[in-house]
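Notebook open, and I'm going through this one in two passes.

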Amino acid sequence: MTNYSFILNGTSVTVDVDDNVRLLWVLRDVLGVTGPKYGCGLDVCKACTCHINGQAFNPCSVTVSEIKSTDEITTIEGLAGTVDADLHPMQQAWLDGDVAQCGYCQPGQIMAAVATVNKVKSEGRTIITDDDLDGIRNICRCGTYVRIRAAIRAAAENMM
Ligand code: FES
Ligand code: FES
């Protein structure tokens with residue numbers, strides 16, 4: 001067991017775990033942060049999508065030993081805090097569009113959506129294209145893709 005520190009949703013945390021434990025289990029089982037969901041554990045379904053230093057990533061496929069003490073991990077629980085509001089514009093768009101069905105994939109969908117819109121913004125673009133949306137590979141077994149894409153376009157207008 002080794003001590004590992006990183007910044008989680010704006011707060012420094014330290015955990016004492018084996019080197020090869022995947023970060024998703026550290027978040028969920030050690031720290032009790034259960035927004036990131038377990039689907040495949042193989043970096044395929046994207047249900048666990050979070051942000052590391054503002055970029056989307058999948059903690060089911062990253063060992064805790066790969067995380068640096070300065071790395072900033074954001075989960076759905078901390079997303080609103082990144083804009084200092086009760087809800088992030090993407091979360092509001094999700095509610096307005098009644099996007100979720102069973103809900104299991106939705107935290108990962110929202111985190112992937114925010115990273116996508118932020119990437120478009122960082123490139124100096126203001127329009128979310130079909131190609132941008134096609135780049136989101138998160139699986140939804142309930143098939144809410146049409147509502148997801150509409151919500152992303154709606155939220156992007158409040159994020160630009
Ligand atoms: S659980 Fe992480 S990608 Fe599926
Ligand atoms: S809302 Fe059920 S899996 Fe996406």
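I started with Arg125, which makes a salt bridge to Asp132, with the closest N and O atoms 3.0 Å apart. My cut-off for a salt bridge is a side-chain nitrogen of Lys or Arg within 4 Å of a carboxyl oxygen of Asp or Glu. Asp132 comes out buried, at a relative accessible area of 14%. For the record, buried is under 20% relative accessible area, exposed is over 50%, and partly exposed is in between, using a 1.4 Å probe and protein chains only.

Ground rules, before I go on: this is a predicted model, where local features need pLDDT of at least 70 and side-chain atom pairs count only at pLDDT 80 or more, while totals for chains, interfaces and linings use all residues. I number residues from 1 along each chain as its sequence is written, letter chains from A and number ligands from 1 in the order in which they are written, and take side-chain values from heavy atoms, leaving out hydrogens and water.

Back to Arg125: I also find a salt bridge from Arg125 to Glu123, with the closest N and O atoms 2.9 Å apart. Arg125 is partly exposed at 28% relative accessibility, and Glu123 is partly exposed too, at 42%.

Next I looked up Arg149, which forms a salt bridge with Asp134, the closest N and O atoms sitting 3.1 Å apart. Arg149 belongs to helix α5 (residues 145-159) and Asp134 to helix α4 (residues 130-134), so this pair ties together parts that are 15 residues apart in sequence. Helices here are DSSP runs of H or I with at least four residues, strands are runs of E with at least two, and both are numbered from the N terminus. I get 28% relative accessibility for Arg149, partly exposed, and 38% for Asp134, also partly exposed.

Shared partners link Lys119, Glu123, Arg125 and Asp132 into one salt-bridge network. How many salt bridges does a search of the whole structure find? I noted eight.

On to the strands. I call two strands paired if DSSP finds at least two bridges between them. Strand β1 (residues 2-8) runs antiparallel to strand β2 (residues 11-17), and seven bridges join them. Thr2 has Val17 of β2 opposite. The two strands make a hairpin with two residues between them, and Asn9 in the turn shows a positive phi of about 50°.

What else does β1 pair with? I found strand β5 (residues 72-74), parallel to β1 over two bridges. There, Leu8 stands opposite Ile73 of β5.
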